[in-house]
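Here is a short briefing to read alongside your structure. Take a moment with the view below, then go through the topics one by one.

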Amino acid sequence: MKAGSNIEKLFDRGEFVVTGEIGPPMSSDASPVREHARFLKGYADAFNLTDNQTAIVRMSSLASAVVCLEEGVEPVMQMTCRDRNRIAMQSDLLGASALGVRNLLCIAGDHQTFGNQRESKNVYDLDSIQQLMVLSRMRDEGKVWGDNDLDEAPKVYLGAAANPFADPFEFRVTRLAKKVKAGADFIQTQAIFDMDRFERWMAEVTSRGLHERTHIMAGLVPLKSVGAARYMKNRVSGMIVPDQLVDRMKAAEDPKEEGIRICVEQIEHLLTIEGVHGVHIMPVAWEKKLPEIVERAGLLPRPTP
Amino acid sequence: MIIGEQKPLKEIISNLEGHETILVAGCRSCVAICLAGGEKEVGIMAESLRLHSDINDLGWEIAETTVERQCESEWVLELAPLVEEADCVLSMACGVGAQTVQALFPDTRVIPGLNTSNMGAPEEQGMWSEKCGGCGDCVLHLTGGICPIARCAKSLLNGPCGGSQDGMCEIDPDTPCAWDEIFQSLKRLGRLDLMEEVIPPKSWIPSRNGGPRKIVKESAVLTEEEKHTKEGLD
Amino acid sequence: MTGRIVGFCCSYCGYASADLAGRQGLEYSPDVMIVKLPCSGRIDVLHILRAFRQGADAVFVAGCLEGNCNFANGNYEARKRVNEAKGILESLGIDPRRLEMFNVASNQGWRFPRIVEEMVSRVEELGPSPLGENG
């Protein structure tokens with residue numbers, strides 16, 4: 001056991017893991033996090049707390065993760081490379097571990113020009129692969145980067161993101177291999193809409209045996225409307241939404257129901273793909289729908305870790 | 001080369017407030033190539049300022065000059081007679097040139113006429129793109145001749161992030177993804193193996209982050225004795 | 001009041017059109033100073049600014065029709081420089097409409113007086129040069 005987190009235990013046992021997501025509020029009041037945690041408890045094995053997503057200032061992932069712990073819900077803390085240098089990253093990991101946070105997702109982070117602090121200076125002292133190297137070394141060797149010993153090593157299960165839908169496609173599996181080599185224990189992919197492309201990616205992943213060295217979780221975002229589908233298709237870099245899906249949403253009498261139905265179908269299909277060890281469900285602006293999705297997909301009750 | 005762009009005319013005029021005899025000083029080097037501060041641009045700037053002075057009855061006296069390179073004292077010192085006649089110098093050189101003039105003529109205020117931007121090259125006439133990150137530890141041999149520090153918006157070193165789509169960067173549909181370019185270049189060179197290596201955390205000490213840099217080439221530095229001899233000959 | 005107008009005309013078209021107008025007996029304001037250029041592309045932002053400094057109320061540049069420049073791209077260059085000069089005029093608080101670029105053909109004698117009229121009407125609207133008596 002590297003960290004003893006719930007999802008680590010479940011992965012080790014060969015269970016299909018489910019994670020959800022909670023977006024921290026633009027507020028110094030943590031009640032929204034508490035409310036979501038209480039409402040969603042038991043419907044997933046752990047919940048990601050995003051880190052100033054799209055470079056918009058929100059309550060920190062670390063603080064939000066601790067609030068989740070207080071509610072008896074397991075958090076997956078996120079840490080971008082955009083806002084912190086290696087000193088802050090290592091320091092925050094020590095703090096997070098001290099407070100009981102056991103999962104950390106390492107990501108590059110959306111460029112600051114996306115958000116509400118466009119004029120800020122970004123950091124990018126490390127990229128996400130170097131971040132994995134540094135933090136896994138802290139855990140495995142009990143040292144900070146540069147060799148000084150820590151009195152106590154952090155306990156953390158490390159994750160990273162993968163995007164089978166970004167370009168160049170030929171490089172995407174190599175990039176995954178680098179993340180695994182650098183220390184990624186689990187992977188959460190970008191939201192899947194183009195199942196064909198995902199399956200091609202997974203085929204290459206399994207042929208390289210990467211699914212045996214890391215646990216891949218398929219990312220999903222339930223569509224709320226045809227507008228949401230179009231937005232993600234046209235306005236988000238690194239996302240592919242096939243026309244058939246847009247048309248299906250457009251033709252639907254009840255788009256919200258259709259969106260949930262699509263998501264459930266996707267989960268049922270993903271359960272059959274070799275190498276997929278879980279799903280990461282991100283109901284953007286729709287957190288309350290997670291229980292229904294998980295139930296309809298037959299993923300309840302969640303196993304006890 | 002260093003790439004800069006003229007400050008807006010209104011801003012320059014505003015910054016010249018309080019001055020009446022102005023020496024507009026350009027440079028024939030980088031800023032002439034990026035059409036910001038060469039002899040031609042100095043001429044147009046001087047004429048614009050004279051027109052401004054005439055319209056508003058300011059009685060400004062504007063002189064113009066352009067030196068070979070405004071960052072080297074040998075050339076800048078030759079401006080002494082012109083600087084003496086002026087109460088300020090509007091430097092149309094890059095920030096380096098402007099600082100050199102100020103350092104050599106500490107009693108005459110220097111106003112920058114340019115916003116100096118980056119180290120880059122002309123793409124086509126009228127367009128100049130950033131190329132070099134000045135990180136002090138060049139890895140171009142590992143990246144197919146494309147600088148990931150300057151040309152990747154996140155200065156990543158291990159491949160493109162998840163926002164790379166159709167060869168473009170997530171920040172702007174017109175900005176090429178440097179890592180896509182690196183991939184294509186290494187593919188063409190038959191060296192995709194270089195993209196499989198994990199590049200460890202970078203030392204930023206040789207970059208601007210380590211503090212203002214000074215490079216010394218020992219074999220060129222003059223000893224005190226050599227300096228005296230040189231002065232004697234001058 | 002007709003205003004002091006400076007017209008930079010390329011010899012192939014701009015000037016030829018003015019010349020033809022003269023031979024056809026067409027009338028236009030006498031207060032136009034025509035400066036003959038080998039090509040409109042010879043115009044420099046400096047010339048335009050100097051014309052205003054010397055008291056011009058309005059300035060125009062007349063080159064060949066686009067695609068017909070005797071030196072291929074000269075009239076495109078001229079237009080770009082006229083636009084650059086307009087930007088400078090605007091920054092200095094001078095109405096950029098005092099400056100204009102026109103494309104004419106050498107056999108369009110009738111156009112030259114129209115161009116002059118256009119600039120005269122702009123001067124009437126905008127008033128004399130901001131230099132006032134100083135030019």
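Between the two chains, the contact draws on 27 residues from chain A and 25 residues from chain B, with two residues counted as in contact if their C-beta atoms, placed from the backbone, lie within 7 Å. This is a predicted model, where local features need pLDDT of at least 70 and side-chain atom pairs count only at pLDDT 80 or more, while totals for chains, interfaces and linings use all residues. Residues are numbered from 1 along each chain as its sequence is written, and chains are lettered from A and ligands numbered from 1 in the order in which they are written.

**The chain A side of the contact**
- Helix 5 (128-141) and helix 6 (169-182) of chain A are the elements that give two or more residues to the side touching chain B; helices (H or I, at least four residues) and strands (E, at least two) are DSSP runs, numbered from the N terminus.
- Helix 6 of chain A supplies the largest share of that side, six residues.
- By residue type, the side of chain A that touches chain B has twelve nonpolar, eight polar and seven charged residues. Here Ala, Val, Leu, Ile, Met, Phe, Trp, Tyr, Cys and Pro count as nonpolar, Asp, Glu, Lys and Arg as charged, and the others, Gly among them, as polar.

**A sheet in chain B**
- Three strands of chain B make an open, antiparallel sheet in the order 1-6-7; strands pair if DSSP finds at least two bridges between them.
- Strand 1 (2-6) and strand 7 (127-132) of chain B are at the edges with a single partner strand each, so one side of each has no neighbour in the sheet.
- Strand 6 (residues 114-124) and strand 7 of chain B run antiparallel and are joined by five bridges.
- B:Pro122 has B:Trp128, in strand 7 of chain B, as its bridge partner.
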